[in-house]
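Colleague: I am new to this structure. Could we go through it piece by piece?

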Amino acid sequence: IGVLQAATAKKILDEDNNSILLDVRTESEYKSKRIPNSKLIPVDELENRAEEELADKNSIIIIYCRSGNRSKTASKKLLDLGYQNVYDLGGIIDWPYETES
């Protein structure tokens with residue numbers, strides 16, 4: 001699992017329109033503060049929802065949570081499901097760019 005620095009993740013997201021920024025926290029965490037244009041699939045629901053909501057297994061998927069624990073778990077789950085380009089951004093607490101609520 002590749003761990004991305006925030007600057008690298010931002011560059012990929014700005015330049016690749018097919019890349020996906022995936023938030024794996026709870027819905028209440030997501031509503032209170034998130035990175036713009038991120039998609040919410042809580043880590044506990046990932047295995048049930050991934051095939052339908054993340055159809056292209058070759059898309060770049062950048063995953064974050066609050067501090068980095070759930071994003072690591074989610075990255076492993078997606079790799080086990082056959083996703084090819086999965087990156088762990090870690091926690092939103094380390095994201096120095098714009099957020100929204």
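Modeller: We can start with Ser19, which sits in the loop between helix H1 (6-15) and strand S2 (residues 20-23). Helices (H or I, at least four residues) and strands (E, at least two) are DSSP runs, numbered from the N terminus. This is a predicted model, in which local features need pLDDT of at least 70 and side-chain atom pairs count only at pLDDT 80 or more, while totals for chains, interfaces and linings use all residues. Residues are numbered from 1 along each chain as its sequence is written, and side-chain values use heavy atoms, with hydrogens and water left out.

Colleague: Is Ser19 buried or exposed?

Modeller: Buried means under 20% relative accessible area, exposed over 50%, and partly exposed in between (1.4 Å probe, protein chains only). The relative accessibility of Ser19 is 13%, so Ser19 is buried.

Colleague: Which backbone oxygen does the side chain of Ser19 reach?

Modeller: A polar contact is a pair of N or O atoms within 3.5 Å; within protein, one must be able to donate a hydrogen and the other to accept it, and residues adjacent in sequence count only if both atoms are side-chain atoms. For the Ser19 side chain the distance is 2.7 Å, and the backbone oxygen belongs to Asp16.

Colleague: Which way do the side chains of S2 point?

Modeller: In a regular strand the side chains alternate between the two faces of the sheet. In S2 every one of the four residues is buried; Ile20 and Leu22 point one way, and the other way point Leu21 and Asp23.

Colleague: In what order do the five strands of the open sheet stand?

Modeller: Two strands pair if DSSP finds at least two bridges between them. S2 pairs with strand S4 (residues 60-65) over four bridges and with strand S3 (residues 39-40) over two bridges. The pairing in the sheet is parallel, and the order is S1-S5-S4-S2-S3.

Colleague: Why is one side of S1 and of S3 left without a neighbour in the sheet?

Modeller: Strand S1 (2-3) and S3 stand at the edges of the sheet.

Colleague: What residue in S3 is the bridge partner of Leu22?

Modeller: Leu22 belongs to S2, which pairs with S3 in the parallel sense. The bridge partner of Leu22 in S3 is Lys39.

Colleague: How exposed is Asn37?

Modeller: Asn37 is in the loop between H2 and S3. Its phi is near 65 degrees, a positive value in a residue other than glycine. Asn37 is exposed, with a relative accessible area of 76%.

Colleague: What separates the C-alpha atoms of Lys33 and Ser101?

Modeller: Lys33 is also in the loop between H2 and S3, and is partly exposed at 39% relative accessible area. Contact means heavy atoms within 4.5 Å, and beyond its neighbours within four places in sequence Lys33 is in contact with residues including Thr99, Glu100 and Ser101. Lys33 and Ser101 are 68 residues apart along the chain, and their C-alpha atoms are separated by 4.5 Å.
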